[in-house]
Amino acid sequence: MKSPLRSRYDVVIVGGGPAGLAAALGARQAGVEHILIVDREIEAGGILNQCIHSGFGLHYFKEELTGPEYAERFIRNVQSDQVEILTDSYVLDISPALQLEIISGGYGHLQLQAQSVVLAMGCRERTRGSIRTPGFRPAGVMTAGLAQKMVNMHGVLPGRRIAILGSGDIGLIMARRLSLEGCDVTGVYELQPHCSGLTRNQVQCLDDFGIPLHLSATVAFIHGRDRVERLTIAPVNHELIPDLSRSWDVACDTLLLSIGLIPENELSTRLRLRMDPATGGPQVTSNLETSLPGVFACGNVLHVHDLVDFVSEESLRAGRFAGEVAIGMRRPSDNISLQAGENIASCVPQSLSPDREQIIYLRVKRPLKNCVLTIGDRYEKSFRMLVPAEMIRLTLAPELLDRYFGEMLKIDVRLREAT
Amino acid sequence: MNSGAEKIVGMSYDVVIIGGGIVGCALARELSRYDLRLALIEKEVEVGFGTSKTNSGIIHSGHHASPDTLKGRLEWAGNQRWSDLARDLKFGFKRIGELLLALQPEDLHYLQLLKKQGEDKGVPGLEIWSPQRIQKEEPNLNRTILQALHAPTAAVINPYEACFGLIECAQQNGAELFCGCPVLAINQTGADFSIQTPQGVFHSRIVLNAAGVFADRVAAMVGAADFKIHCRKGEEYLLDRRLQGIVTRLIFPVPTATSKGVLIIPTVDGPIMVGPTAEEVNNREDLSTSFAGAAKIFAAVHQYCKAISERDTITEFAGLRAVAETNDFVIGPSPVKGFFNVAGIQSPGLTAAPAIATYVTEMLRCEGLKLAEKPVWKAEIDGPFRFARMTQQQRQAAILQDPAFGRIVCRCEAVTEAEVRYAIRHGARTLDGVKFRVRAGMGRCQGGFCTMRVMALLSETLGLPLTEITKRGHGSEVCCPRQDNLSVGDGR
Amino acid sequence: MLEKRRLTCIGCPMSCPLELVIIDGEIREITGNDCKRGEAYARQEYTAPCRMVSTTIACNSGLWPRLPVKTVTAVPKAEVMAVARALHTLEIEAPVQIGQVILDDIAGTGIAVIACRSLPSAPNSK
Ligand SMILES: Cc1cc2nc3c(=O)[nH]c(=O)nc-3n(C[C@H](O)[C@H](O)[C@H](O)COP(=O)(O)OP(=O)(O)OC[C@H]3O[C@@H](n4cnc5c(N)ncnc54)[C@H](O)[C@@H]3O)c2cc1C
Ligand SMILES: Cc1cc2nc3c(=O)[nH]c(=O)nc-3n(C[C@H](O)[C@H](O)[C@H](O)COP(=O)(O)OP(=O)(O)OC[C@H]3O[C@@H](n4cnc5c(N)ncnc54)[C@H](O)[C@@H]3O)c2cc1C
Ligand code: SF4
């Protein structure tokens, strides 16, 4: 076993995906000396290592990169005297006093003290159980992300004739990926009346390959005792209940699920952080600090992002604030609380401070055309089109906020009245 | 374990058990005490893959079934054996007790009847609880419950862990196990049965038929089918850890003619499970779950606990109860001498299994089988380590001894590589086999993260390519090879 | 002849809905794009649609058995499958450096293919 690491760090970052890597950069900018990134995989990069398609980095690097390229650039930027990356190592537990229990392939059992902690554990995929699809339980039903890992990293195929349930981006990306691999992708079935992935992915991943997207439809039964043999597909009514009288069967050997992501918050709940049921992540201040002082969160563990560039931006800030706290600096605490209002599914952060520019990320509940977004009574912005698949990013100038004190601001989106 | 690669020809035994469910495994361990050549033949790739892994995992308190039935007698006898078994075979066991709820005035009478039945059978500790007591002990149950019968003797286990432990102990004491080995035909010549399987022919003087839902078919192979099995399907829904602790005891409604009703089950590992349904089905492989089943279960549960939501489901499954026409266990000699049935083992078959094993052993003794105890018989097995249950000091020590404890394979359940390797050394051949032995893939993400890691370990240890790793045996391969050779075409 | 064409820009995740006004086969107006890339995309997509191809090639001596690669520029849409198929017949030896040119002309398109990551050798291969 290798020689032990330090027993104290200024900032310990849990997760070495794009969020964790950017947080390390941020902490270094704050001027701290000892930063540790811990990741359970054998290399840093997180989910990006398996996302081999291009579409990353347009904002951050002003260049369209593939996932692995984006990750590798970041890892190079992070590598320095101040930052250690500990891979093949798993953070088991964090105590309220910020002691971390880590088990590591290279170092064994470790206990470290951190001045501040950044949570950057990413997210996991929803599985079959969470949608209770009736039928048998054969091999060949798997999440799209697992299939992505199989194909892109392990070099095996999930099957030959593929159906996809859910039109999330991973599902769409996999439809194209498996088509390129010579698999027969029979169709994508989506419960909602609209595609839940980005339109661009619908165009370049489905339309380009002639793969049909069936909206308002779901898998009503999975057939096959050992391996998937067939699916019964049924249209759903406006209450999303399948209409079995209009169902049809599709022959296939694989069903990929792309039905949503859930922030990976086992550690956060064990720490008893205050959670936001709307995002599935912890509640944070405008400094991205959770309800436990000294613990910060960013990236997909905070709320599920669709753009890695926003992950990097958010995480740089989280890392910087965590670094500041580690060396004893404190920004004024927030004095305005922020709440999702009409048509808003979720917003991050959940509180604001008027002392500097604020960045807000939010998602709408349903597709909206020609609408106006308001925050309190002083901010207004018009949008041609808002969809749940795209996270919205807003910046608020301090001047807009200084009038509020100890108040609650609501964010609403309303359709513009016909004039 | 025999991989099926080499054929066994004409191996001969004193006793062959057909079927490696909880009953077959308990029989194997019990009979391994004696000086016998003993084999267990199982159709699936691992033991316990029939009904015994898809049930509620309850060691029933002992008062449910009438003492006039065989299942009623063996239920209470079996119950009392499980704490020792769990200790010796190192599997999880918690005696959490049960509450049987009276929701309607007409149920109150039933509570009294059941209490009396239990007391007559000698089940200790039965008590009727008032609504106030129920509220105090189980505050998340609905306030409309009129009364409840508390039975402290009820317990929970992981039934598949019990199967693995029992068979490992039997093997350690000399029993032989053949998995992936369906019995296809049985011929009798004189006092010898020859049992045909794809792995070869087994000879035996005595055959114990513990083939679960297929027991009547196996009996028919020797013309001993004087009973019929039909299947009663039960669906179960496992819920997210969010609801863990919402009840601390097993919650039962008043039963119906065909089932114990829909239960709330705090499983031995913590998460709550709800189920089962009871539905007659014709197909003996119909393990499908349904919209209707889910609807029934959650509607029923809402009558006693409103906090449980269908949306908390993390996985569901179905199992088949093997029900004989008599609605009781069918245990005893068949019309064919030397061929014994241990069939129709419906609920509470899990609870009763250890008692069934002793009962059958005594029966064989009465039928003239010579049972000489082995001079050395080891009741315990070493049992796997559970990283998740270790203290920090134990973890430190374990990793120093074996660095594979330092690599987490399943994040949801904190399962380490060392545990997966142990499971494979002890017979796991499939993803399900690993999952049911060490819980990798059983947590919230249901294998999203660990599947590839477990597959890689299986592939490395068994020397098979990834594409030959299965979920639960031949035909359930998880992935397939790339087809590059097919696409060379215009590659320049 | 006046013709209107609707396209979705795939230039970035904004997925802007583009509208093209075409007179006698010539683009006269492009609306709906949030940035200049959208305009370029619309012209390209109307005259000669093309796509980036990213896939993996075999690297059996690598830390992972597959190496992600991409075409340096987009290839004509009609050639996408042929490019992928041709790439799938290749194998490369580890170690590989990010940006390393794998082939300088894939499937006769004249377009080069590069490695999207550095891939060290597998720990147990010499
Ligand atoms: C299939 C897919 C396609 C995408 N496509 C695009 C795209 O085209 N363009 C774009 O801009 N964005 C895209 N995204 C979004 C973007 O990639 C993600 O939002 C981003 O990668 C999230 O980064 P993260 O660091 O929060 O999480 P992750 O990348 O998931 O990293 C989390 C890391 O934490 C580690 N970890 C977790 N728990 C522990 C623990 N207890 N101990 C140690 N380590 C731990 C994990 O192993 C992992 O490495 C895509 C995402 C997916 C999944
Ligand atoms: C939903 C449900 C919930 C239940 N809950 C409980 C409970 O909480 N408590 C309780 O006490 N009981 C419960 N039970 C009942 C209990 O599960 C069964 O009584 C018990 O598992 C029966 O065990 P077995 O060994 O007889 O059958 P099985 O486990 O089915 O074993 C029979 C074995 O024989 C094998 N086999 C079949 N044919 C052949 C052949 N030709 N050759 C070789 N092998 C063959 C099968 O593959 C199988 O492994 C429940 C049952 C169900 C369905
Ligand atoms: S026009 Fe510009 S902003 Fe809009 S999708 Fe295209 S590249 Fe993105």
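The points below begin with conventions and then turn to the interface, the charged pairs and the cysteines.

1. This is a predicted model, in which local features need pLDDT of at least 70 and side-chain atom pairs count only at pLDDT 80 or more, while totals for chains, interfaces and linings use all residues. Residues are numbered from 1 along each chain as its sequence is written, chains are lettered from A and ligands numbered from 1 in the order in which they are written, and side-chain values use heavy atoms, with hydrogens and water left out.

2. The contact between chain A and chain B (heavy atoms within 4.5 Å) takes 47 residues from chain A and 51 residues from chain B. The area buried between them is about 4500 Å² (the accessible area, with a 1.4 Å probe, that two parts lose on being put together, summed over both). Carbon and sulfur atoms give 54% of that area. A:Arg132, A:Arg137 and A:Arg225 supply 16% of the area that chain A buries against chain B, more than any other three residues.

3. Seven salt bridges are found across the interface of chain A and chain B (a side-chain nitrogen of Lys or Arg within 4 Å of a carboxyl oxygen of Asp or Glu). One of the pairs joining the two chains is B:Glu44 with A:Arg225, whose closest N and O atoms are 3.7 Å apart. Both residues belong to a network of salt bridges that also links A:Asp226, B:Lys43 and B:Glu285.

4. Over all chains the count comes to 66 salt bridges. In one of them, B:Arg453 pairs with A:Glu41 at 3.4 Å between the closest N and O atoms. This pair crosses between chains, from helix α13 (residues 451-462) of chain B to the loop between β2 (35-38) and β3 (54-56) of chain A (helices, H or I, of at least four residues and strands, E, of at least two are DSSP runs, numbered from the N terminus). Both B:Arg453 and A:Glu41 are buried (under 20% relative accessible area, with exposed over 50% and partly exposed in between; 1.4 Å probe, protein chains only).

5. Within chain A, the side chains of A:Arg177 and A:Glu181 meet in a salt bridge at 2.9 Å, N to O. A:Arg177 is buried at 4% relative accessible area, and A:Glu181 is buried at 6%.

6. Zero disulfides are counted over all chains (a pair of cysteine sulfur atoms within 2.5 Å).
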